[in-house]
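Please open the model in a viewer and keep the selection tool at hand. The stops below are arranged so that each selection leads to the next.

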Amino acid sequence: MNPAYATADHTFTVPLDHADPDGPAIEVFAREVADPARAGERLPWLLFLQGGPGGKSPRPSAGSPGWLARAVKTHRVLLLDQRGTGRSTPVTARAASRFPSAAALAAHLSHFRADAIVDDAELIRRRLCGDEPWETLGQSYGGFLTLTYLSRAPQGLRACYVTGGLPGLTATAQEVYARTYPRVRDRVHAHYARYPADAPLLRKIADLLDAEDVRLPDGDRLTTRRLRTLGLALGMGDGFERLHWLLDEAFDPAGGLSDTFLHQVAALTGFTGNPLYGVLQESLYGQGAGPTGWAAHRALAAHPEFAEDADPLLLTGEMMYPWMFRDIAGLRPFAGAADLLAERADWPPLYDPARLAANEVPLAALVYHDDMYVDAGLSLATARSVGAARVWVTNEWEHDGVHVSGGRVLSRLMDMAVGRA
């Protein structure tokens with residue numbers, strides 16, 4: 001049987017700080033993927049920019065990710081492990097613990113934002129393609145990267161496709177989270193409407209956690225506030241079901257919370273494989289407008305319905321809180337550095353509004369109308385501010401539509417970019 005894909009692995013040495021090319025270096029890994037029947041042909045490149053931040057690129061298999069089978073019909077695909085993730089000199093809790101101080105770690109982590117990732121991509125493009133531009137597919141945070149790419153190096157791009165990832169170009173972290181809490185609240189209530197028994201069940205679990213010292217397999221205490229972070233999954237197409245079936249086995253018939261439940265909660269909330277997701281989440285919005293200052297934590301005060309003793313209990317979403325860096329083993333080595341990053345006031349800008357307004361690179365973007373993670377209002381405002389942008393708004397899918405729609409989403413975006421849709 002022929003393999004689903006022909007692959008080749010690439011490792012590139014890049015500067016930690018592109019402004020200091022002779023300084024410390026790191027490695028960036030990327031996997032080339034092609035249709036086995038076309039592997040020897042000269043095909044245009046499509047760079048996949050993964051969501052996150054802090055997540056590695058998907059590993060190809062016969063059915064995953066759903067868009068890949070469509071992409072390799074016409075393109076050679078590059079699955080990039082963004083710096084610090086996967087096989088790209090990973091920034092793990094163990095690696096973080098080796099830094100001599102929180103300040104040294106914070107200085108290191110400051111080189112892992114969108115601007116550095118784009119500079120990596122341009123270095124890689126020149127090595128693989130020479131002067132030939134390539135196309136990009138940006139999912140979620142990958143769309144944020146796309147707008148940074150169009151701001152910094154549009155000459156490297158032939159066309160860009162974005163799914164659920166047009167950022168607010170000037171939105172502060174505080175504004176982003178002020179908009180996020182109501183969407184998360186509505187999503188939790190929608191879950192309870194579909195599975196009414198889950199509301200009292202979550203309240204029962206929370207009451208147990210408040211009364212007893214319940215430990216996860218790694219020794220961390222499971223608290224109500226950590227339990228609430230399970231709401232992160234609710235913005236995906238299968239999020240309701242994933243949470244429901246997790247809760248379905250929460251209690252052991254012999255009493256207490258089941259080992260199955262505790263192991264799954266530890267895996268879902270531990271950040272073992274993607275600590276940068278937590279560490280850099282608010283830094284995405286730092287652009288010289290003052291410190292992000294733990295914006296999600298500050299915005300929470302305006303939403304008393306999210307109180308831990310509220311009934312029904314509201315889960316939280318894509319928010320990071322200071323307590324997580326003390327309570328969660330996978331984030332604990334980053335605690336001091338995370339505080340310093342939250343205090344930093346001089347983040348350089350990630351987007352160039354004037355350059356984006358004059359953009360001529362075709363940009364086809366899908367905006368999910370009910371997206372829990374990326375505000376549709378901010379996305380549409382951005383689309384109106386970028387030249388050569390075409391937008392498709394839909395509620396047919398949730399945030400993971402490009403992954404679960406087969407090749408339909410990518411095909412339509414490609415048609416939009418050339419004026420066929």
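Throughout this tour, buried means under 20% relative accessible area, exposed over 50%, and partly exposed in between, with a 1.4 Å probe and protein chains only. Helices (H or I, at least four residues) and strands (E, at least two) are DSSP runs, numbered from the N terminus. This is a predicted model, in which local features need pLDDT of at least 70 and side-chain atom pairs count only at pLDDT 80 or more, while totals for chains, interfaces and linings use all residues. Residues are numbered from 1 along each chain as its sequence is written, and side-chain values use heavy atoms, with hydrogens and water left out.

**Helix 10**

Select residues 259–269, which form helix 10; Phe261, Leu262, Val265, Ala266 and Thr269 are buried there. Viewed down the helix axis, these buried residues fall within an arc of 130°, so they line one face of helix 10. The arc is that of the directions from the helix axis to the C-beta atoms. On the face turned away from the buried side, find the exposed residues Asp259 and Ala267. After helix 10 comes Phe271, with a positive phi near 60°.

**Helix 16**

Move to residues 376–385, helix 16, and pick out its buried residues Ala376, Leu378, Ser379, Thr382 and Ala383. Their arc around the axis is only 160°, which puts them on the same side of helix 16. Their cover includes helix 5, helix 6 (173–194), strand 7 (363–368) and strand 8 (389–394).

**Helices 4 and 5**

Next, display helix 4 (residues 114–129) with helix 5 (residues 141–152): their axes come within 9 Å and cross at roughly 70°. Helix 4 is therefore roughly perpendicular to helix 5, a description that applies to angles of 65 to 115 degrees. Axes are lines fitted to C-alpha atoms, for helices over the stretch in contact, and angles run from 0 to 180 degrees between N-to-C directions. Among the residues that meet are Ile117, Val118 and Ala121 of helix 4 and Leu145 and Tyr149 of helix 5.

**Backbone stops**

Select Gly52 and Pro53, joined by a cis peptide bond with omega about 5°. Then go to Asp311 and Pro312, where the peptide bond is also cis, with omega near 10°. Finish at Trp294, a residue other than glycine whose phi is positive, near 55°. At 13% relative accessibility, Trp294 counts as buried.

Terms used:
Parallel < 35°, antiparallel > 145°, perpendicular 65-115°, else oblique. Contact = heavy atoms within 4.5 Å.
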